[in-house]
Amino acid sequence: MSAPEPVFRCSQYQHDLLPQGSVSAADLEFAREVKEFRVSLFKLFQTKIDAAIAESEPEIDPNRLYLQIRKVLDNCAEVQQAHEYRGILQDKMWASVSTQIQAERQRLESVYQSHWQGKGALELNSNLKLPLHQLKTNIHRMPGGYLDGNEAEPFEVGALYDAGTFLYGLGWFGPLNDELGHTLINQVIAPYYPDFSPQTILDLGCAVGHSTLPYTAAYPTAKVWGIDLGASLLRFAIARARILESEVYFAQQNAEKTDFDDRSFDLVVSHILLHEIPASARQRVFTESYRLLKPGGLMVHLESILFLQPPTWVARYFRDTEVWANSEPYLASSKFEDFGVYALKAGFSPDSFQIRYVPSNAAARAGQQQANWVAFCAVK
């Protein structure tokens, strides 16, 4: 008899700014519940979709058929209950992590203060005008939202985000939640731009620097910047980077319009930023990427295929209902073909824009080549 599949794909690296009980017995029980629920949720969707297709008109237009299927599922009591439970589990996750942070508040505060000086730098802007589209909802139902946090709670939002991301992904993003940075570097840049060696790098929408830090290891002579709207996220990010002995320069800026000079960077990247913003903001991010790049510089925006190009109707229905069930309002705000248009309007030439489908770095190392990620790439 084979051993049961582990609940978490890996163990979390317990750096000092995390609550040290963040992978407790309670978390294991919760993670097991989440994993089992997600399996049952997709089975439920598939069963209901199959039944709806069987009742549909023959040879109906696919988009019209999907709308009919969605109406059937939306009105199904069993599906409605499952949607409600999706929200309950997400809220339970945040509450559990928050409780652990509060239990270790004094220790975490001491660790944070002891790393306020060191490598890299942090630039905060209390006058930064936050875009309204990021103030409309608490993304992923995170209490207070990504942009919460003040001087009285200088790092708590970052700690909540860091520990919560690992629990939400069940370890899918790696021990340091940095899988996406490694994926972009090793599965996009290395094979498709093998001679590219950037010396100035900018990570847009970096949050607490999960995906930013891998660039300091991959390009040790480069100056690496990470920007985000959230002051608390960035306060946590700089302390976390110093604990992990990485030199990163963080700044509170808007990725749609930064304060950096024209032609400041060799490489401009983002990691699952685009699905968090509306279509108009996506265009501005592409335009700003072009402005910031030096001639010959490279833009790469890494995104989830599930969210931007769902491969099945089950995946599409999950994506579309994440909009409200998990507070992800902008998931479907662009057609997939729009991203090439964004690049052309930004100034990139048609020949320079490429869409790369890649596996995660961990999957590729394990010999799996199924693409889960899509990278929008262009050279200036």
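Analyst: A disulfide is a covalent bond between the sulfur atoms of two cysteines. For the search, a disulfide is taken as a pair of cysteine sulfur atoms within 2.5 Å. Please keep in mind throughout that this is a predicted model.

User: How many disulfides does the structure hold?

Analyst: The structure holds zero disulfides.

User: Which residues touch the most other members of the largest nonpolar core?

Analyst: The general idea is that, in soluble globular proteins, nonpolar side chains tend to be buried together. Here the largest nonpolar core has 82 residues, and those that touch the most other members are F45, I189, Y215, F250, L267 and V300. Helix α1, which spans residues 25-54, gives the most to this core, with nine residues. Apart from it lies another core, of 31 residues, which includes A255, L292, F336 and F353.

User: What is L267 in contact with, once its neighbours within four places in sequence are left aside?

Analyst: The contacts of L267 are I189, F196, P198, T200, I201, L202, Y215, L293 and L298. Two of these partners, I189 and Y215, are themselves among the core residues that touch the most other members.

User: Where is L233 found, and is this residue buried or exposed?

Analyst: L233 is found in helix α8, residues 231-243, and at 1% relative accessibility this leucine counts as buried. Not counting residues up to four places away in sequence, L233 touches Y146, V157, G158, Y161, A207, V208 and D228. The C-alpha atoms of L233 and L147 are separated by 7.7 Å, although the two residues are 86 residues apart along the chain.

User: How many aromatic pairs does a search of the whole structure find?

Analyst: A pair of aromatic rings is described by the distance of the centres and the angle of the planes. A search of the whole structure finds 21 such pairs. In one of them, W172 and W373 lie 5.6 Å apart centre to centre, with 40° between the planes, and the arrangement is tilted. This pair links distant parts of the chain, with W172 in the loop between α5 and α6 and W373 in strand β8, 201 residues apart. W172 is partly exposed, with a relative accessible area of 24%, while W373 is buried, at 4%.

User: Which residues form one aromatic cluster, and over which ring does the charged end of R316 sit?

Analyst: One aromatic cluster is formed by F286, F336, F339, Y342, Y357 and F376. As for charges over rings, the charged end of R316 sits over the ring of Y66, 3.8 Å from its centre, and the charged end of K380 sits over the ring of Y290, 4.5 Å from its centre.

User: What is the phi of H140, and where is H140 found?

Analyst: Most residues other than glycine have a negative phi. H140 has a positive phi of about 60° although it is not a glycine, and R141 likewise has a positive phi, of about 65°. H140 is found in the loop between β1 (121-123) and α5 (156-169), and R141 has its place in the loop between β1 and α5 too. At 11% relative accessibility H140 counts as buried, whereas R141 is partly exposed, with a relative accessible area of 28%.

User: What is H140 in contact with, beyond its neighbours within four places in sequence?

Analyst: The contacts of H140 are Q90, W94, Y146, Y168, E276, N326, S327 and E328. With N326, the side chain of H140 makes a polar contact to the side chain, at 3.1 Å.

User: Which side chain does a polar contact join to that of Q187?

Analyst: A polar contact of 2.9 Å joins the side chains of Q187 and N361. Q187 has its place in helix α6 and is buried, with a relative accessible area of 16%. Besides N361, the residues that Q187 touches include H182, Y192, V358, P359, S360 and A364.

Notes:
Residues are numbered from 1 along each chain as its sequence is written. This is a predicted model: local features need pLDDT of at least 70, side-chain atom pairs count only at pLDDT 80 or more; totals for chains, interfaces and linings use all residues. Side-chain values use heavy atoms; hydrogens and water are left out. A nonpolar core is a set of buried Ala, Val, Leu, Ile, Met, Phe, Trp, Tyr and Cys residues joined through side-chain atoms within 4.5 Å. Buried means under 20% relative accessible area, exposed over 50%, partly exposed in between (1.4 Å probe, protein chains only). Helices (H or I, at least four residues) and strands (E, at least two) are DSSP runs, numbered from the N terminus. Contact means heavy atoms within 4.5 Å. A polar contact is a pair of N or O atoms within 3.5 Å; within protein, one must be able to donate a hydrogen and the other to accept it, and residues adjacent in sequence count only if both atoms are side-chain atoms. Rings of Phe, Tyr and Trp (its six-membered ring) pair if their centres lie within 6.5 Å; planes under 30 degrees apart count as stacked, over 60 as edge-to-face and the rest as tilted. A charge sits over a ring if NZ of Lys or CZ of Arg is within 6 Å of the ring centre and within 35 degrees of the ring normal.
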